[in-house]
Amino acid sequence: MNDPLSQPSLSQASLSQPSLSQPSRSAYAKVEPYVTRDGSLIRELMHPSVHGNRLQSLAEAIVPAGGSTVLHRHRLSEEIYHFTRGRGRMRVGDDTFEVTAGDTVCIPPGAAHRLVNTGGTEMRLLCACTPPYAHEDTELLEGGPPHEA
């Protein structure tokens with residue numbers, strides 16, 4: 001599993017480039033997953049450092065049954081999570097709530113958040129970030145995967 005985002009991050013100059021003249025596309029089967037800083041398995045479906053788009057990223061995250069992510073936050077990125085499979089508990093800031101397939105959650109920049117998969121199958125979700133996800137924008141707020149949201 002190679003991390004496609006281990007390349008240098010986007011600069012502001014690259015964000016000021018003209019928009020794409022052709023559509024950018026990725027094939028799910030060709031996108032290698034990797035483990036991100038929060039502990040989830042990520043497949044970058046569309047990211048500027050890989051696909052040539054500019055202003056946002058879209059990834060699929062997988063949290064295994066009984067698994068969880070590390071409490072973390074992104075200083076710059078607003079994230080939208082759309083749950084496509086499974087169920088669990090999510091913490092955003094001081095709020096903790098149940099999530100299930102079909103739910104969508106917006107996480108403001110700077111908000112501490114984590115997921116706990118409380119179901120018997122893997123949890124899958126789409127993660128949209130703007131500006132695009134960057135490892136250096138991810139601040140881990142605890143040392144290891146949590147057991148409680």
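Cys 127 counts as buried, at 7% relative accessibility (buried is under 20% relative accessible area, exposed over 50%, partly exposed in between, with a 1.4 Å probe and protein chains only). Cys 129 is in no disulfide, and the nearest cysteine sulfur, that of Cys 127, is 6.5 Å away. That distance is too far for a bond. Cys 129 also counts as buried, at 4% relative accessibility.

Zero disulfides are found in a search of the whole structure, where a disulfide is a pair of cysteine sulfur atoms within 2.5 Å.

## Basis of the model

This is a predicted model, in which local features need pLDDT of at least 70 and side-chain atom pairs count only at pLDDT 80 or more, while totals for chains, interfaces and linings use all residues. Residues are numbered from 1 along each chain as its sequence is written, and side-chain values use heavy atoms, with hydrogens and water left out.

## Aromatic pair

Rings of Phe, Tyr and Trp (its six-membered ring) pair if their centres lie within 6.5 Å; planes under 30 degrees apart count as stacked, over 60 as edge-to-face and the rest as tilted. By this rule there is one aromatic pair. The ring centres of Tyr 81 and Phe 83 are 6.3 Å apart and the planes stand at 80 degrees, so the pair is edge-to-face.

Tyr 81 is buried, with a relative accessible area of 4%. Phe 83 is buried at 1% relative accessibility.

## His 51

His 51 lies in helix H2, residues 48-51 (helices are DSSP runs of H or I, at least four residues, numbered from the N terminus). With 17% relative accessibility, His 51 counts as buried.

Neighbours within four places in sequence aside, His 51 is in contact with Ser 24, Arg 25, Ser 26, Glu 44, Leu 45 and Met 46; contact means heavy atoms within 4.5 Å.

Methods
Helix = DSSP H or I, 4+ residues; strand = E, 2+ residues; numbered from the N terminus.
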